[in-house]
Amino acid sequence: MSIMDNAVYVDGRRTANPASIEETCETTRERGGIAWVDLSWPAPAEIEAVAAEFSLHPLAVEDAINAHQRPKVEHYDDVLFVVLHPARNIDDDGDGHVDRVEFGEVHAWVGPDFVVTIRRSVTPDLDALRDRLEQDPDLLRLGPVAILAALLDEVVDTYRPVVTRLRGAIDQIEDQLFSRDPGVSFRIYEATREVIGLQRATGPLVEMLQDLYDAKREYADQQSAAAHPEDAPHPEGDVQDHRWVELLRSLRNVLDHAIKHAETSETFRSLLTNALNVHSTLVTQEQNEESRRMTEISLKQDEQMKKISAWAAILFAPTLIGTIYGMNFTHMPELRWTFGYPLAILGMIGLGGVFYWIFKRVGWL
């Protein structure tokens with residue numbers, strides 16, 4: 001089975017490393033602790049085996065097997081099913097420049113005494129997350145919610161370098177808009193696709209985190225009121241346990257970051273939409289300018305053709321007369337007429353002049 005780690009925690013400390021899921025459930029019940037099972041790209045049969053031991057809802061199991069789910073949190077009695085989309089920058093050709101953004105998928109079942117995580121992503125590093133939590137037993141004593149809060153924090157942190165990279169890409173696109181770069185439209189499309197992915201990943205997180213914060217705040221207040229009914233209100237509210245105070249502060253901080261990333265992605269989307277509109281306008285202007293230039297050339301060619309046609313018509317008259325009297329037939333009385341030649345010349349000049357006057361009047365010359 002693709003189990004990356006499998007541990008039972010009692011009072012915030014790792015007390016067992018079970019060899020199987022069955023042993024994990026038995027040890028958790030016997031010791032009254034919490035279990036955290038971490039799977040990496042598991043096969044459907046492995047997910048079904050874990051689901052059977054922890055009595056997970058079939059609909060959530062089906063979603064986990066099929067994957068490619070939208071970010072969400074679903075309640076199945078006292079178990080939460082959470083889907084998250086962490087992100088990372090990818091350098092495909094190894095030249096030190098980010099080529100694209102990749103969005104992974106992380107699933108988590110959070111029950112009263114267990115957490116089951118499924119990784120389908122390189123980020124976040126859940127091994128490092130587990131190590132960090134194990135260094136803070138006080139936080140782990142709060143139970144599965146502390147693991148979920150830390151997981152949410154890690155996933156939201158994966159968006160920061162992506163946002164930084166997208167901000168630089170959009171700045172570059174804005175600089176290239178007026179440079180007549182033919183590749184800017186493709187870069188706008190690529191950046192828009194990545195921003196949409198970021199919106200899909202961060203948008204649902206805001207509501208998820210807000211609901212989780214409100215629920216855990218209410219639960220902490222109830223716990224505090226039951227344990228310390230005589231205590232005065234705390235500056236953080238009615239929460240008295242410092243562990244809950246720190247957890248709620250952490251959730252509030254993660255919520256603020258999620259809101260910031262969601263708003264930033266919305267701003268990026270607007271900027272790219274405006275950039276695409278500007279680019280389309282510039283392309284249209286270039287096309288109109290080219291069309292105007294081609295029209296001017298066509299008009300100039302028409303003027304030249306008019307002049308050529310006019311001069312051809314003018315020269316046609318003397319050519320016709322000259323051709324007729326150049327046929328040298330025997331019986332052509334005008335050839336022996338004294339005024340034949342002068343009249344032919346005058347006819348040529350006269351017809352040419354008439355044609356010239358006509359074409360000049362209609363603007364062809």
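**Helix packing and local backbone features**

In this predicted model, the axes of helix H6 (residues 144–157) and helix H7 (residues 159–176) come within 5 Å and cross at roughly 15°, where axes are lines fitted to C-alpha atoms, for helices over the stretch in contact, and angles run from 0 to 180 degrees between N-to-C directions. H6 and H7 are therefore roughly parallel to each other, a term that applies to angles under 35 degrees. Val155, Val156 and Asp157 of H6 make the contact with Tyr159, Arg160 and Pro161 of H7, contact meaning heavy atoms within 4.5 Å. The residues of this contact comprise 4 nonpolar, no polar and 2 charged ones; Ala, Val, Leu, Ile, Met, Phe, Trp, Tyr, Cys and Pro count as nonpolar, Asp, Glu, Lys and Arg as charged, and the others, Gly among them, as polar. Helices (H or I, at least four residues) and strands (E, at least two) are DSSP runs, numbered from the N terminus.

Backbone features were also examined in the loops. Thr123 and Pro124 are joined by a cis peptide bond with an omega of about -5°, and Pro124 is placed in the loop between strand E9 (114–120) and helix H4 (126–134). Although Trp41 is not a glycine, its phi is positive, at about 45°, and this residue lies in the loop between strand E3 (34–40) and helix H2 (44–54). Asp77, likewise not a glycine, has a positive phi of about 60° and is found in the loop between strand E4 (72–76) and strand E5 (79–84). With a relative accessibility of 79%, Asp77 counts as exposed, that is, over 50% relative accessible area (1.4 Å probe, protein chains only).

Residues are numbered from 1 along each chain as its sequence is written. Local features need pLDDT of at least 70, side-chain atom pairs count only at pLDDT 80 or more, and totals for chains, interfaces and linings use all residues, while side-chain values use heavy atoms, with hydrogens and water left out.

Key. Angles under 35 degrees count as roughly parallel, over 145 as roughly antiparallel, 65 to 115 as roughly perpendicular and the rest as oblique. Buried means under 20% relative accessible area, exposed over 50%, partly exposed in between (1.4 Å probe, protein chains only).
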